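Biologist: I'd like to learn how to read a protein model. Could you walk me through this one?

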Amino acid sequence: MRTHLTYDVIPKGAGCKYVYIARNPKDVCVSFYEFMKDYGSTGGFSGPWEFFARIFVEGEVPYELWNKHVLEWWKHKDDSNVLFLKYEDLKNDLSSNVRLIAEFLEKPVTEETVNKISQQCSFEEMAKNVSTFTVDGPKLLRKGEIGDWKNYFTADVDERFENEVLKELRGTGLVFDFEP
């Protein structure tokens, strides 16, 4: 089951395991903006980028504050039933992360299986099956790039993210890559 639920409301029970994937907030904001624009007149977003970036920072978007969501899960990164991964790490070394996920789920895999899963789960391969990633409207897959935020962020938006979003991560040990 995939979800965007916060840690405090996720169903919990014996045997439940969670693989949480976090992405750097700048790319999340851009991706979320493009996703919400695709909804158009059916409840999406039709305003300018700078306004969306502002409401994202303020948590006035679905799922509320990015920092709160991610940091709630980060606090549980050492729990035996939580595997906290970063999107950027998956993009940079998918095979190692497939092995890590298999180990976490206690599912032995051969190197051949790791390679097959890594191939099938690459962004390029998943994009070929776009119908699998569309839910009555907007595409769930766009570019999958690290660093696309640079094509959107003005100096003002970047400064606000640094001062209001990334500031919350300082001292937590959670660090993100913002470059490919």
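This is a predicted model: local features need pLDDT of at least 70, side-chain atom pairs count only at pLDDT 80 or more; totals for chains, interfaces and linings use all residues.

Biologist: Which residues of α5 meet α6?

Modeller: Helices (H or I, at least four residues) and strands (E, at least two) are DSSP runs, numbered from the N terminus. From α5, Leu94, Ser95, Val98 and Arg99 meet Glu111, Val114, Asn115, Ile117 and Ser118 of α6. By class, that contact has four nonpolar, three polar and two charged residues. Here Ala, Val, Leu, Ile, Met, Phe, Trp, Tyr, Cys and Pro count as nonpolar, Asp, Glu, Lys and Arg as charged, and the others, Gly among them, as polar.

Biologist: And how do I describe the way two helices pack?

Modeller: Two packed helices are described by the angle between their axes and the distance between the axes. Axes are lines fitted to C-alpha atoms, for helices over the stretch in contact, and angles run from 0 to 180 degrees between N-to-C directions. For α5 (residues 94–104) and α6 (residues 111–120), the axes come within 9 Å and cross at roughly 115 degrees.

Biologist: How many helices and strands does the protein chain have?

Modeller: Eight helices and two strands, in the order β-α-α-α-β-α-α-α-α-α along the sequence.

Biologist: What about the inside: which residues have the most contacts in the largest nonpolar core?

Modeller: In soluble globular proteins, nonpolar side chains tend to be buried together. Buried means under 20% relative accessible area, exposed over 50%, partly exposed in between (1.4 Å probe, protein chains only). A nonpolar core is a set of buried Ala, Val, Leu, Ile, Met, Phe, Trp, Tyr and Cys residues joined through side-chain atoms within 4.5 Å. The largest one has 36 residues, and Trp49, Phe52, Phe56 and Phe161 have the most contacts inside it. A second, separate core of seven residues includes Leu83, Leu85, Leu94 and Val114.

Biologist: Is asparagine 24 buried or exposed?

Modeller: Asparagine 24 counts as buried, because its relative accessibility is 0%. You'll find asparagine 24 in the loop between β1 (18–22) and α1 (25–39). Leaving aside neighbours within four places in sequence, its contacts include Trp66, Glu88 and Trp149.

Terms used
Residues are numbered from 1 along each chain as its sequence is written. Side-chain values use heavy atoms; hydrogens and water are left out. Contact means heavy atoms within 4.5 Å.
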